[in-house]
Amino acid sequence: MSLNRSEKEAVIKEVTDLAAKAQTLVMAEYRGITVADMTKLRTDARSKGVALSVLKNTLARRAVAGSSFEVVGDQMTGPLIYGFSEDAVAAAKVVADFAKTNDKLVIRAGVYGGKALDANGVKQLASIPTKEVLLAQLCGLLMSPMSRTAVVLGALAAKKGEGEAVAA
């Protein structure tokens, strides 16, 4: 079904707004995926703050023109699903995790920080822990020296207390 001019302009505006807010774009070929699997992918993406869209490639090219995602305009061919996310790794993680369990979804390319990524680059980006996990690891690293110092001081105090009890 063909879109009229005003519908095309609305789609371009919507995708341009997504691209303006997003840090990451992931493109994947979805040929042969069942509707049930695609629904599961969309549900998972929505819960993680990733906007997935199936777009006409010419509209997608127009929407990302002038943005940092323009670098992959030449790779926008074939049946693609586009994933935009404000979180740097969320789109890559959602698509890569789904591609592990469904071989019909093929990661084509991506963009992060204005740099084009190939399929391996997207997978590497997906392997980075989430912001919450990184913050938890940082807190653990900061607390580690303090907790070790407290254990050593507690052991010294206990040892000193044992020595006084024997001398008395």
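1. Strand 1 and strand 3 (residues 80–85) pair in the antiparallel sense over 6 bridges, where a strand is a DSSP run of E with at least two residues, a helix is a run of H or I with at least four residues, both being numbered from the N terminus, and two strands count as paired if DSSP finds at least two bridges between them. Within this pairing, T24 stands opposite S85 in strand 3.

2. The model is a predicted one, in which local features need pLDDT of at least 70 and side-chain atom pairs count only at pLDDT 80 or more, while totals for chains, interfaces and linings use all residues. Residues are numbered from 1 along each chain as its sequence is written, and side-chain values use heavy atoms, with hydrogens and water left out.

3. On confidence, the protein chain has a mean pLDDT of 85, with 96% of its residues at 70 or more; pLDDT is the predictor's confidence in each residue, from 0 to 100. Among the elements of the chain, strand 1 (residues 24–29) has the highest mean pLDDT, 92, whereas helix 6 (residues 131–167) has the lowest, 79.

4. The open sheet consists of 5 strands in the order 2-3-1-4-5, with antiparallel pairing. Strand 2 (50–54) and strand 5 (115–117) stand at its edges and have a single partner strand each, so one side of each is left without a neighbour in the sheet. On average, and with direction ignored, neighbouring strands of this sheet are turned by 20° against each other.

5. Helix 2 (residues 35–47) packs on the sheet and touches strand 2 and strand 3, its direction making about 145° with that of strand 2. Helix 5 (residues 119–126) also packs on the sheet, touching strand 1, strand 4 (106–112) and strand 5, and its direction makes about 70° with that of strand 4. Here axes are lines fitted to C-alpha atoms, for helices over the stretch in contact, and angles run from 0 to 180 degrees between N-to-C directions.

6. E29, which is found in strand 1, is buried, with a relative accessible area of 18%; buried means under 20% relative accessible area, exposed over 50%, and partly exposed in between, for a 1.4 Å probe and protein chains only. Leaving aside neighbours within four places in sequence, E29 is in contact (heavy atoms within 4.5 Å) with P79, L80, K104, L105, V106 and R108.

7. L134 has its place in helix 6 and is partly exposed, with a relative accessible area of 39%. The C-alpha atoms of L134 and S85 are separated by 18 Å, the two residues being 49 residues apart along the chain.
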